[in-house]
Amino acid sequence: MTKYNYKISLRPLENYFFGGEQTFGDKSDNEKRNYLAFSNAYPQQTSLFGLLRYLLLENNGLLPLESHREEANKLIGAASFNSSKPGEVQNFGLIENISPLFMQNENVMFRFVHGLNKMKVNFENGGDSLTQILSSNSYPQIQDYDPKKYYPDYIENAKGDLIHYHHCVFKENEQIGILKNSPKEGFFKQNYRSLAEGFSFVFYASLKNDDISFKLQDSLVFFGGEQKMFQVRVIKDPKDFPNQLYGAPESNKTTLLSDAYIPESAMHHCNFALAEIQEFRTVIFQPNGHRYFRKSQKINLLKRGSILFSSDKNKLHSILDQYPNYSQLGFNHYY
């Protein structure tokens, strides 16, 4: 397991907004404009990575970037994350890896889990089931599962205690209004989030111990789609990395600790999956840091908390591990 030498905690000081696919859209495109925009509950791994790069630049006096290009490239690398080349390790300067996102309440760490994670799944013999092109004479039976019932997402600590996070951790707040000096197209409704008292976002980072001296320290930053203020706390050489949240090995069950880039071929090694899709895309940057005004092609990741039951766990894990570009940014972690 990666050795992380920095712990970064984020605490929003006001309502925040993490954008996804459903935003207001381009104001000039009436066909594709939305009047409703919903915040994601938590930041994506690429957002955490971008925040770390910004902190390194800001803490070390390398902004504006255009005036310190050479020093900045040594510190954080010249290019942005390239989602289209999952098999290539990228150079991000001193940044080697970041971990998946965790939650912390006081001194207790939590991971994200699927709503069906704690239910028992038995594979019964008799009858046929089809998984992709593979046929099997067994089928899954989820104990006490009712398909008409909603099973919410949770966070879970090392003791197995669950918290339903949509209402208890991430609270929703709405803003409704009409833009000034605009016709009726100016009407909008925006969903924000706030974090329950005592909770914070947490991720870990592995930074190289090179000859380059640098600062990484507590800060106040504007973060997210609406640039809301967050309090950042940094701990060097943390002693509390939550190894226990990676879990003890089980015979045929793999749970995603983070969103994961997985090709269809991986599903050939699965008997059954309790999984959701997370839509994902990135903003395109040139190697010199100048921004193209377009986004990358949308891809579908498997959402953190998804559960894969595999006929050959080693083959499934080897596929998850073969995309270092994503692993660098905390994707494709599992337990």
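**Inside the fold**

Mentor: Happy to! The largest nonpolar core has 62 residues, and those with the most contacts inside it are Ile8, Leu10, Leu52, Met103, Phe170 and Phe201. A nonpolar core here is a set of buried Ala, Val, Leu, Ile, Met, Phe, Trp, Tyr and Cys residues joined through side-chain atoms within 4.5 Å. Buried means under 20% relative accessible area, exposed over 50%, and partly exposed in between (1.4 Å probe, protein chains only).

Trainee: Which helix gives the most to this core?

Mentor: That is helix H1, residues 45-59, with seven residues. Helices (H or I, at least four residues) and strands (E, at least two) are DSSP runs, numbered from the N terminus.

Trainee: And what does leucine 52 touch?

Mentor: Leucine 52 touches Ile8, Ile95, Ile98, Phe203, Ala205, Leu207 and Leu216, if you don't count residues up to four places away in sequence. Contact means heavy atoms within 4.5 Å.

Trainee: Before we go on, where does the model come from?

Mentor: It is a predicted model, where local features need pLDDT of at least 70 and side-chain atom pairs count only at pLDDT 80 or more, while totals for chains, interfaces and linings use all residues. Residues are numbered from 1 along each chain as its sequence is written, and side-chain values use heavy atoms, with hydrogens and water left out.

Trainee: Thanks! How many helices and strands does the protein chain have?

Mentor: The protein chain has five helices and 21 strands. Of its 335 residues, 45% count as buried. Among contacts between residues at least 6 apart in sequence, 71% join residues at least 24 apart.

Trainee: Now the charged pairs. How many salt bridges are there?

Mentor: The count comes to eight salt bridges, each being a side-chain nitrogen of Lys or Arg within 4 Å of a carboxyl oxygen of Asp or Glu. In one of them, arginine 111 pairs with glutamate 156, and the closest N and O atoms are 3.0 Å apart. This pair links distant parts of the chain, with arginine 111 in strand S5 (residues 108-113) and glutamate 156 in strand S8 (residues 154-156), 45 residues apart.

Trainee: Are those two buried or exposed?

Mentor: Arginine 111 is buried, with a relative accessible area of 10%, and glutamate 156 is buried too, at 1%.

Trainee: What about arginine 304 and aspartate 259?

Mentor: Their side chains meet in a salt bridge (3.7 Å, N to O). Arginine 304 lies in the loop between strand S20 (299-302) and strand S21 (307-310), and aspartate 259 in the loop between strand S15 (253-255) and S16, so the pair ties together parts that are 45 residues apart in sequence. Both arginine 304 and aspartate 259 are buried.

Trainee: Got it. And where is glutamate 276?

Mentor: Glutamate 276 is in the loop between strand S16 (270-274) and strand S17 (277-280). The side chains of glutamate 276 and lysine 303 meet in a salt bridge (3.9 Å, N to O). Lysine 303 lies in the loop between S20 and S21, so this pair ties together parts that are 27 residues apart in sequence. Lysine 303 counts as buried at 15% relative accessibility, whereas glutamate 276 counts as partly exposed at 30%.

Trainee: Which residues join into one network there?

Mentor: Asp153, Glu276 and Lys303 do, through salt bridges that share partners.
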